[in-house]
Amino acid sequence: MNITVIGSGYVGLVSGTCFSEMGNKVTCVDIDAKKIEQLNNGVLPIYEPGLEQMVLKNIKNKNLFFTTDLSTGIVDAEIVFIAVGTPMGDDGSADLQYVLAVAKSIGLSMGKRLVIVDKSTVPIGTADKVKSTIQSELNKRGVLIDFDVVSNPEFLKEGAAIADFMKPDRVVVGADSDYAINLMKELYHPFCMSHDRFIAMDVRSAEMTKYAANAMLATKISFMNEIANICEKVGADANQVRIGIGSDSRIGYSFIYPGAGYGGSCFPKDVKALKKIAEENGYKANLITSVENVNDAQKLVIAKKIVKRFGENLTGLTFGLWGLAFKPGTDDMREAPAIYVVNELVKRGAKIKAYDPKAIEEAQHFYLKGIKEVEYLDSKYEVLKGSEALILLTEWKEFRSPDFQEIKSQLKQPIIFDGRNQYNRFKLEEKGFEYFQIGKL
Ligand SMILES: NC(=O)c1ccc[n+]([C@@H]2O[C@H](COP(=O)([O-])OP(=O)(O)OC[C@H]3O[C@@H](n4cnc5c(N)ncnc54)[C@H](O)[C@@H]3O)[C@@H](O)[C@H]2O)c1
């Protein structure tokens, strides 16, 4: 099949590449000329395990193409995916300007029947807006072309995006024509070989499914973080409570790890957008609002523990930071707890020496840009040299079983603030460390 994917970020690039891997001819379009030039030269703008090899292979096989020109990019397409960003607007709602700009461009240049697919996470009713935007351009051109607008939300996780896309738990497609459903079924068939994972529904339910899924996962995280905070007050251990409740199959172990709060490009903005969608429709979403409030506070829990230990004024103190990315396996720092912790500590006069296997450039150039109190080093033990304490904020595999003797010998004092509860199993207090974690005093 001939596929065009508009927007070559985390979702667009992974989806396009995986479709090409199945033998489709895929053209990825982006307005970022530098990104497209890099991709045409085989240089990937993001880090995602396994993606680079797959992109290079499919460029070589002539299944994968990159362009900035949407109108030529869609000439041969049967299906066009919209996978541009839907960032948080000033009022918390999803900003649809990029999606609607793409819809307008499609309407301006489409020449034959197309199935247009919203893959971006968009508020309920967006497919209707995309449809009317395209239709109004077709009307201006005075042409009659049949088209469908379909919702196909994406559930991939950064850090495991290729695996998630190639073997999805489910493929949700909302459409109101058999033609569109059948074409989408054909496209996704190779990804659902072992059993049927294709779930067809109406368009609005598909749009809502994505928000409901993210809100549910964010709720589990904030719920557990709230339980952890209560554990600290009552002298319980959230690590043991986690195992106690996770063993109940109705609850399960996933997404109940106490930590420094959720970040990333999806949960924060989608939770906020869902709250706004409810509000605009006359419903006050109390639970969703609380999920967000708990998370906002949770991002600063580690900074608060540091202040409690070292005092309000941190002038003259340096801390060694492990982990900048919002989670392991990605260089993405959008809404990462590290941004909040670093800013809070620097505001109080501290200096930071930071290490992350993949996200240092993102921090330097975007998320912590211009903060001269942060120094970046390319060795996890180097950042500890002369530092007061180690702060762990991302659970990269290389941090899981570190050399605690080495940590001790580098730090000024053996103190660890563990924002991901990675080290509670090591009984660090018995090894002479002062050990601070989430959910246990
Ligand atoms: N990142 C994730 O893990 C994830 C998972 C599921 C769903 N989503 C959703 O998918 C959507 C995309 O997210 P992302 O993380 O890939 O975003 P991203 O910011 O990484 O990529 C978006 C891309 O769209 C491009 N773009 C913007 N306007 C364009 C236009 N008019 N024409 C062509 N390209 C244009 C940008 O240059 C950018 O490269 C969002 O709605 C997001 O909520 C993201």
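**View 1. Helix 1 packs against helix 3 in this predicted model.** Helix 1 covers residues 10–21, and helix 3 covers residues 51–60. Their axes lie 10 Å apart. The packing angle is about 55°. Because angles between 35 and 65 degrees count as oblique, helix 1 is oblique to helix 3. The crossing is left-handed. Helix 1 brings Leu13, Val14, Thr17, Cys18, Ser20 and Glu21 to the contact. Helix 3 brings Leu51, Met54, Val55, Lys57 and Asn58. By class, the residues of this contact are six nonpolar, three polar and two charged.

**View 2. Helix 5 meets helix 6.** Helix 5 runs over residues 97–109, and helix 6 runs over residues 126–141. The two axes come within 8 Å. They cross at roughly 35°. This crossing is right-handed. On the helix 5 side, look for Val99, Leu100, Ala103, Lys104, Ile106, Gly107, Leu108 and Ser109. On the helix 6 side, look for Thr126, Lys129, Val130, Thr133, Ile134, Glu137, Leu138, Lys140 and Arg141. Sorted by class, the contact of helix 5 with helix 6 has eight nonpolar, four polar and five charged residues.

**View 3. Helix 9 crosses helix 12.** Helix 9 spans residues 203–234, and helix 12 spans residues 286–298. Their axes come within 9 Å of each other. The crossing angle is roughly 55°. That angle makes helix 9 oblique to helix 12. Helix 9 passes helix 12 in a left-handed crossing. From helix 9, the contact residues are Ala215, Ala218, Thr219, Ser222, Asn225, Glu226 and Asn229. From helix 12, they are Ile288, Val291, Val294, Asn295 and Gln298. Five residues of this contact are nonpolar, six are polar and one is charged.

View 4. A polar side-chain atom of Lys269 sits 2.6 Å from a ligand oxygen atom.

**View 5. Ser265 and Arg334 also place side-chain atoms by the ligand.** In Ser265, a polar side-chain atom is 3.2 Å from a nitrogen atom of the ligand. In Arg334, an N or O atom of the side chain is 3.0 Å from an oxygen atom of the ligand.

Key
Residues numbered from 1 in each chain as written. Predicted model: local features only at pLDDT ≥ 70, side-chain atom pairs only at ≥ 80, totals over all residues. Heavy atoms only, no water. Axes fitted to C-alpha atoms, helices over the stretch in contact; angles between N-to-C directions. Helix = DSSP H or I, 4+ residues; strand = E, 2+ residues; numbered from the N terminus. Parallel < 35°, antiparallel > 145°, perpendicular 65-115°, else oblique. Left-handed = near helix turned anticlockwise from the far one by under 90°. Contact = heavy atoms within 4.5 Å. Nonpolar A, V, L, I, M, F, W, Y, C, P; charged D, E, K, R; others polar. Polar contact = N/O pair within 3.5 Å; in protein donor to acceptor, adjacent residues only side chain to side chain.
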